[in-house]
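Below is a short report on one protein chain.

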Amino acid sequence: MHERPIDTLLEEYQDYVMADRLRRTLGGRVKPSSRLLNLQDYARIRLERQDLALKLVRKQIPLAGLGRIDELTEQINYGFWRNPGEVAAFLRAALRQGGHPALSQPKAFEGLLSPLEHSRLGQARGKISSYYQNCLKLAAPIMDPLVFEHAYAKVEAGQPGLFIDELTDDAGAFLNNLELF
């Protein structure tokens with residue numbers, strides 16, 4: 001099995017939390033249908049999704065298994081920020097229901113941070129907001145490879161470190177269960 005650094009896995013969970021916060025803030029059709037998962041539940045569902053995808057590729061389950069993979073993908077916002085197709089579909093849905101300042105205004109996006117994160121992060125709030133807003137911009141240049149490459153480079157260059165509150169309670173338990181990944 002391919003090993004990934006712990007901070008990469010935690011950043012994936014952090015992206016899930018930020019996507020959940022944004023989707024709940026916008027509400028309507030983009031609001032998640034399930035509760036926010038803690039780190040352990042996220043890891044369990046992520047592993048289930050990974051296992052099903054592997055079985056599907058190996059033809060150990062029927063193509064109908066793709067439906068369950070799609071359900072799990074939606075539940076954990078897998079690929080939400082870095083998949084231009086997902087970003088475009090989200091933005092279309094969000095704009096159809098009236099949009100939200102967090103989609104285009106850095107200060108409004110900072111409103112997705114918890115009060116503790118807001119105070120702890122200080123000036124770094126702008127970097128975090130910029131990173132996620134650059135991710136939202138990945139949808140626009142999807143048809144022009146050079147523009148997309150430039151937009152993706154901005155996303156890569158602005159990757160924030162770990163910052164969400166949810167990791168403070170769950171990280172210890174997660175680190176004790178590394179064999180899950």
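## Helix α3 and its cover

The cover over the buried residues of α3 includes α2 (39-57). Helices here are DSSP runs of H or I with at least four residues, and strands are runs of E with at least two, numbered from the N terminus. Contact means heavy atoms within 4.5 Å. The model is predicted: local features need pLDDT of at least 70, side-chain atom pairs count only at pLDDT 80 or more, and totals for chains, interfaces and linings use all residues. Residues are numbered from 1 along each chain as its sequence is written, and side-chain values use heavy atoms, with hydrogens and water left out.

Which residues of α3 (residues 65-75) are buried? They are Gly-65, Ile-69, Leu-72 and Thr-73. Seen down the axis of α3, these buried residues fall within an arc of 105 degrees, so they line one face of the helix. The arc is taken from the directions running from the helix axis to the C-beta atoms. An α-helix has 3.6 residues a turn, so residues three or four places apart point the same way. Buried means under 20% relative accessible area, exposed means over 50%, and partly exposed lies in between (1.4 Å probe, protein chains only).

## The whole chain

The protein has nine helices and zero strands. Of its 181 residues, 44% count as buried. Take the contacts between residues at least 6 apart in sequence: 72% of them join residues at least 24 apart.

The protein exposes about 10,100 Å², and carbon and sulfur atoms supply 56% of that area. Accessible areas come from the Shrake-Rupley method with a 1.4 Å probe; for residues, only the protein chains shown count as cover.

## The cavity

How many cavities of 30 Å³ or more does the protein have? The count comes to one. A cavity is a set of points, on a 1 Å grid over the protein atoms alone, where a 1.4 Å probe fits but cannot get out; lining residues have an atom within 4 Å of a point. Grid points are joined across faces, edges and corners, and a volume is the space filled by probe spheres set on the points. The largest cavity has a volume of about 50 Å³.

Its lining consists of Tyr-16, Asp-20, Arg-23, Pro-32, Ser-33, Ser-34, Glu-74, Gln-75 and Asn-77. α1 (6-26) and α3 each supply at least two lining residues. The largest share, three residues, comes from α1.

Most residues other than glycine have a negative phi. Asn-77 has a positive phi, near 55 degrees. Asn-77 follows α3 and lies in the loop between α3 and α4 (84-96). Asn-77 is buried, at 9% relative accessible area, and is among the residues lining the largest cavity.

Lys-59 also has a positive phi, near 60 degrees. Lys-59 sits in the loop between α2 and α3. Is Lys-59 buried or exposed? Lys-59 is exposed, with a relative accessible area of 74%.

Leu-26 lies in helix α1. Leu-26 counts as buried, at 13% relative accessibility. Leaving aside neighbours within four places in sequence, Leu-26 is in contact with Phe-90, Ala-94, Gln-97, His-100 and Leu-103. Leu-26 and Leu-103 are 77 residues apart in sequence and 9.4 Å apart in space, C-alpha to C-alpha.

Ala-151 lies in helix α8 (residues 145-157). Ala-151 is buried, with a relative accessible area of 11%. Ala-151 and Lys-137 are 14 residues apart in sequence, and their C-alpha atoms are 7.1 Å apart in space.

How values were computed
1 Å grid on protein atoms, 1.4 Å probe; cavity = no way out; pocket = protein on both sides within 12 Å on 5 of 7 lines; lining within 4 Å.
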